[in-house]
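Reader: Hi! I'm new to reading protein structures. Could you take me on a close look at the sheet and the helices that lie against it?

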Amino acid sequence: MTKLPARLYRPNSAMAADAPLLIYLHFGGCVLGDLDTCHTACSLIAEHSGCLVLSVGYRLAPEHRFPAAVEDVLTAFHWVRSTAHRIGADPTRVAIGGDSAGAYLAIAASLCLRDQQQPMPCLQLLIYPVVDMDRRAMPVTPHDGNYPLSREDMIWFADQYIRAPIDVDDPRCSVGRAKSLSDLPPTIMVHAGNDLLLSEGIALAQRLAREGNPVTTLDYPALPHAFTAMSGGVPRAREALIEIASTIAAHLKTSAHEGRIER
């Protein structure tokens, strides 16, 4: 069995034995990053959402190419549900999320769990997700040359991640190519305005809603891609993370009281 590094964030308000838990997956194109990459973001989310946050370090390409990272996320989800009471979590309120590549991995895992008819996350947090791995085939955007993520960067990340060009057709790799996005968890979708992933994120949110999934959208038009990593030094990025955390808290509170999460 693969051993994955992980870091658990426990806010003071989550001392009960049945706290909700968010599995968080860092950005980095499935090539870069580790637990420290999202440390500040996970700390803020835990503090202001009141839920446990488990940051998981999945295997990275090119040493471990697709679908290794997706498999690791599924392993982490099953582990949390089976050992939830040992870490003070409620196994029925396990959410999953991340930013950029981490958000892609979150929805890819949800698709796998749905197709395998397995228990699903109670919520998915998708912060500017990667929707398609074939950047060469994606339309040009006004933000293709933006810092800190350019079109060329995306092409390089995908080339490290996929094993062969045919991988991009697999919905576990390019989630936007799934034939159906129905029956997925309620979604918090987060958009950054200065981001080449903006248009596909908007399209994904619209499709999720159209296919019957509750979607809450948070827009930050003045912020760039990867603003989660700037939340320790950029006031607006910190404010955005706190708002995201408050939105998570509201959704999980609703699920606890009503047994489901509303639009």
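**A close look at the sheet**

Author: Happy to! Ile23 stands opposite Leu54 in strand 3. Strands here are DSSP runs of E with at least two residues, helices are runs of H or I with at least four, and both are numbered from the N terminus. Two strands pair if DSSP finds at least two bridges between them.

A word on the source: this is a predicted model, where local features need pLDDT of at least 70, side-chain atom pairs count only at pLDDT 80 or more, and totals for chains, interfaces and linings use all residues. Residues are numbered from 1 along each chain as its sequence is written, and side-chain values use heavy atoms, leaving out hydrogens and water.

Seven strands make an open, mixed sheet in the order 1-3-2-4-5-6-7. At its edges, strand 1 (6-9) and strand 7 (215-224) each pair on one side only. From one strand to the next, the twist averages 15 degrees; axes are lines fitted to C-alpha atoms, for helices over the stretch in contact, and angles run from 0 to 180 degrees between N-to-C directions.

Next come the helices. Helix 2 (residues 68-83) packs on the sheet, touching strand 2, strand 3 and strand 4 (89-99), where contact means heavy atoms within 4.5 Å. The direction of helix 2 makes about 155 degrees with that of strand 4. Helix 3 (residues 101-115) also packs there, touching strand 2, strand 4 and strand 5 (124-127), and its direction makes about 135 degrees with that of strand 4.
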